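Subject: Structure handover

Hello,

Here is the structure we talked about. Please open it and read my notes alongside.

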Amino acid sequence: MTTAVHEHDALYRSRLEHLVPVREPLVLISQIQRSGGTLLSQLFDGHPECHAHPHELSFAYLNEPRASSIDLASAERSYEVVGEPRLAKRFRAGYRKPAARPGDADADVFPFLLLPGLQRRIFDACFAEGAESDRDVLDCYFTSFFNAWLDNQNLYAAPKRLVTAFAPRLVRKQPAVERLFGAYPDGFLVSIVREPRAWFASARLQKERYADVGHAITRWRRSAEAALDAGERFGDRVVVVTYEDLVSRTGETMAWLAGRLGLSSAPELLVPTFNGRPIRANSSYAVEGYGILSNRTEAYRDTLDEATLHRVDELAGDVYERARAASLPA
Amino acid sequence: MPDLDEYEALCRVRLAHLVEVREPLVLVSQVQRSGSTLLGQLFDGHPECHAHPYEIRIGPRGRTYEWPELDLAAPGTWFESLVERKPAVHLVEGYRTSSRSTERFPFLFLPELQRRIFDRCVAERGARTEREILDCYFTSYFNAWLDNQNLYGGRKRIVVGTTPRLAMNLEHVERFFSAYPEGTLISAVRSPAGWYHSASRKYGYESVDDALAIWRRSSEATLAAAGRWGDRVVVVVYEDLVGRTEAAMERIAARIGISMTPSLVSPTFNGMLIRANSSFPVDRPGIIPERMHAHREELDAATLGRIEELAGDLYERAAAAAAA
C-alpha cells in the first residue's frame, strides 16, 4: 500500500473512531436573499456552543419538501434527500462569498476541507446504527457534515447546544417550514426582514429579476409575511429580526437573539467569520474592509429616486412596521 | 472518487491555502514531572498561539530532548533531521497523555502531507538559515495537522511547545536562542519534595540523593539561564501554576507578549478538556490543586527532612527568581 493510501485509510479510521455526534436542534435562518442571512450565519460561526454550517444549506429535504422523502429503509436513498451536491466542488475550489462575481480577483477564497467520501462513510455508519425517524437521519447528516469537514475550527469545543444553518427563501414555503418543525420541534426559524427600500436597492443590483419594483416588492412581501405568519403559528420558535437592528445595533441584537435561542453571549457573535477567519460582507457593492458594514443602511437614498422610494414605501412599509414590532424591542 | 484522488485533492487544497508559521518559539523546558505538560495544555487554544500539542522532539535520533543538529549545506537531510515520529503513531492510535491514560484524543495528522509542505516551503522561501528551516518545519507541522482547532483564528504571536530536559544543558539553550533571539524559555521549578513524590513513583528512583541531584541540576540550569539571558527566560514555580493559576498565567502572558484569556486557565488538548498527566490516579479533567501537597502526607518525615536538606535552599532561590 502506498504511503498516501495508507494515510488516507488511517485518516478515515481515526475520524470514524472519534466521531463527535451532532444531535442538537437546528436553527434555520431563512428569508429572501439580500436580507443579511449570510451575515447572520457568519456571526454564529465560531460560537463555541454552535455547530455552524458555514454556507447555504442546500438539501432537497427542505428545498423540495413535496418531492423528496427520507426512506428509513435505505441509507443511499436517504442521503440523496439530505446530501448537498455542491460540497464536492467547494472542497476542490474553496468557498467564495455568494455575491462575488466570476473573475473578481479581489474575492476572498477560503479553504474548505470536507472529504465527500468520508462524509458518506460517516453517514452510512451512523445510519446503520439505527435511524428510525427523519430527525435521526438529519442528525446523521449533520454528524457526517461536521466530522468530514476536517479543518472545521469549532468541532471539539463542548458543550454544543445548536446547529445553525442558512437557507434562503425556505421561509416562503409553508411545507418546508412545517417539515422543519416536524423534524425539529425543539428547533428555531430565524427570519430577517430588511427595510424594503434598502432591500430593493441591493437586490436589483444582484438579480435581474428584481429590476422591476412591483415584481421585486411582491417577492419581498411574500418573504416578510411568511416570517410573520410562521411567528403566529409556531410562537417562540420563530424569531424575526430586522436587518437594520442586526447591522446598527449588533451587540444588543445578538445578545437578544442568543437569549431567545438559549445560547451564551460570546464575543464571536459580533464578528462575521468563515471558519474562524474574518470575512468581508456579502454585499452587492465593493467591500474593502472586514466586519459589519453598519454605514450601508441608508445608502439606498443615494441610489433610488424619490418616486421609487415612495412606491416601495407604499407597497411594503406596512409589513416592515409589523416586522419591526415583532423584532427586538427598541 | 477513488481514495487516492481524494487524498491528492486534500493535499492540493491544503498546499494552496497554507498558514505561514514564522512566529518566535516559546519553549517550556526543565526536568520532567515539573508541570510542563500542564503548561503546554494551558497554551492550547489561545488564539495568539500555535501550540504544539505535546513534546517537541526535533533533536537528533535517540537524543530528541536536545536541540536539533542541522547540516545547513545538506538540504536533503533537513526534514529527516527534524521530523517527529509521534504524529504518525497518534494518527493511528490517538493521543494519550501516558500509557496508563484511558483518555484518547483524535489527532488527524498526515506525515506525507507534512513532508510535501516542508519541501514546498523550503523551495518557495529559499530557506537557508536554521531559523528559516525551523519556520518551514513548524509551517509543515501545524498545517499537516488537519483537525487543529486553532490554525486559522486570531493573529498569532508565538509558537509554543515543551521539550523536557533541554534546558538542563545550557549549550542547547544557547543554540535555541541563537535560532530564536526573540524567543523565550519558560522553565518551571517544582518544590523538591513534591517533585520527588511524583518522579519516584513515575521513574522508580531508589535513592533520594540520586533523584535530588537531577532536580538540582535542572533548577540550577534554570537559574543560570535566567542569569545569562535575562528577560528572555521566565522562571515559574509549579505550585503557583497549580495553586494560583490565573495569577501565574497572567504574569507569563505579559512576559511573552500575549493577551490574558480564559483559555489560559483551563488545560485542553486541541480544545478538548483533558485530565492531568499525574503519576497518581486522576478522576476529572482540569487542574488538581489538592495534589500539590499530597507529598506531605505520603512521604515519611526522614525523607522530607533529607529533601529539604538537599534542595530547600535552591527552591527558595527559584521562588525568588519567579517572583522577581
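R237(A) touches F181(A), G187(A), F188(A) and L189(A), leaving out residues up to four places away in sequence. Touching, or contact, means that the C-beta atoms, placed from the backbone, lie within 7 Å. R237(A) sits in the loop between α10 (213-234) and β7 (238-242) of chain A. Helices (H or I, at least four residues) and strands (E, at least two) are DSSP runs, numbered from the N terminus.

Is R237(A) buried or exposed? R237(A) counts as buried because it has 20 C-beta neighbours inside 10 Å. The cut-offs are 20 or more other C-beta atoms within 10 Å for buried, 12 or fewer for exposed, and partly exposed in between.

A word on the source. This is a predicted model: local features need pLDDT of at least 70, side-chain atom pairs count only at pLDDT 80 or more, and totals for chains, interfaces and linings use all residues. Residues are numbered from 1 along each chain as its sequence is written, while chains are lettered from A and ligands numbered from 1 in the order in which they are written.

Now chain B. Strand β1 (residues 25-28) points L25(B) and L27(B) one way, V26(B) and V28(B) the other. All four are buried. In a regular strand, side chains alternate between the two faces of the sheet.

β1(B) pairs in the parallel sense with β3(B) (residues 158-162) over 4 bridges; pairing takes at least two DSSP bridges. There, V28(B) stands opposite T162(B). β1(B) also pairs in the parallel sense with β4(B) (residues 184-189), over 3 bridges. Here V26(B) has T184(B) as its bridge partner.

Best wishes

Technical notes. Contact = placed C-beta atoms within 7 Å.
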